[in-house]
Amino acid sequence: MPLMASRGASATMTIAGVGDPLSPQTGPLVLRIKELEEQHLAFRNSLICAFNQLLDLKDISTGVHSTRLAEWAIRVARKLNIPEEHMYQVEVAALLHDIGKIGVPDAILKKQGPLTSEERALINRHPEYSWSILRLFPGLEDASLYVLHHHENFDGTGYPARLKREDIPIVSRIVSVIDAYDAMVSNRCYRKGLPHTEAVRRLLESAGTQFDMEVVHTFIPIAEQEATEVFAAAGTSTSAAL
Ligand SMILES: [Fe+2]
């Protein structure tokens with residue numbers, strides 16, 4: 001899993017900044033610092049995985065859902081030339097953007113009928129709740145801002161801050177697109193997921209208003225490829241299944 005794989009790279013990078021070749025005096029100290037850094041990162045990663053598990057238990061998302069979202073987010077981010085050293089924050093934001101839904105009562109979260117304005121207002125607080133959780137993790141300050149803004153709309157009609165266009169962090173714009181696509185194609189207990197082609201049509205329809213057009217056009221080939229692979233693995237033709 002990329003979250004785990006990123007651990008060693010980050011630690012090595014930080015240690016590399018120490019500079020001089022190891023001497024008999026500094027060697028043990030540097031190695032100890034490296035060991036402590038690795039322990040710290042391992043602990044933080046375990047906490048992130050535990051929170052992801054919590055989302056599963058709360059039935060807010062499935063493990064497959066959040067892992068798939070994280071993979072998509074990283075692929076889109078790379079295509080948009082987001083620096084590689086930032087991928088950890090991208091991955092965490094994609095995995096845990098909805099962690100704040102834990103603060104919304106199940107009766108509202110899983111209500112199948114129309115929501116009252118009060119209920120809708122409470123659900124719309126979840127990005128702030130997500131931010132309030134992630135900001136407590138040292139080193140996840142960027143990721144906490146990305147989750148805070150994952151429901152902003154490109155035209156400024158979203159929430160919580162009604163940010164517009166490039167004022168919305170690019171990672172939040174990425175999470176917004178892939179989360180919407182995933183929600184559209186996923187089956188729920190009360191409805192069947194939309195076909196891939198219809199989900200893509202809706203993304204394109206809202207590109208420039210709800211979504212960042214560049215992100216949508218970057219993501220569609222990735223979703224296209226995934227759909228082809230999924231249906232090939234299932235032994236179905238994409239034309240029939242889509
Ligand atoms: Fe959300």
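Of the contacts in the chain with a separation of 6 or more, 59% are between residues 24 or more positions apart (a contact means C-beta atoms, placed from the backbone, within 7 Å). This is a predicted model, so to speak: local features need pLDDT of at least 70, side-chain atom pairs count only at pLDDT 80 or more, and totals for chains, interfaces and linings use all residues. Numbering runs from 1 along each chain as its sequence is written.

The chain has twelve helices and zero strands (DSSP runs, H or I of at least four residues for helices and E of at least two for strands, numbered from the N terminus). Buried residues make up 29% of its 242 residues; buried here takes 20 or more other C-beta atoms within 10 Å of a residue's own.

Now for one helix pair. The axes of α4 and α8 (lines fitted to C-alpha atoms over the stretch in contact) come within 9 Å and cross at roughly 40°.

| Helix | Residues | Contact residues |
|---|---|---|
| α4 | residues 87-96 | Gln89, Val92, Ala93 and Leu96 |
| α8 | residues 141-148 | Asp142, Ala143, Tyr146 and Val147 |

By class, that contact has six nonpolar, one polar and one charged residues.

On α8, the buried residues are Ala143, Ser144, Tyr146, Val147 and Leu148. Their cover includes α4, α7 (126-134) and α9 (170-185).

Key:
Axes fitted to C-alpha atoms, helices over the stretch in contact; angles between N-to-C directions. Contact = placed C-beta atoms within 7 Å. Nonpolar A, V, L, I, M, F, W, Y, C, P; charged D, E, K, R; others polar. Buried ≥ 20, exposed ≤ 12 C-beta atoms within 10 Å, placed from the backbone.
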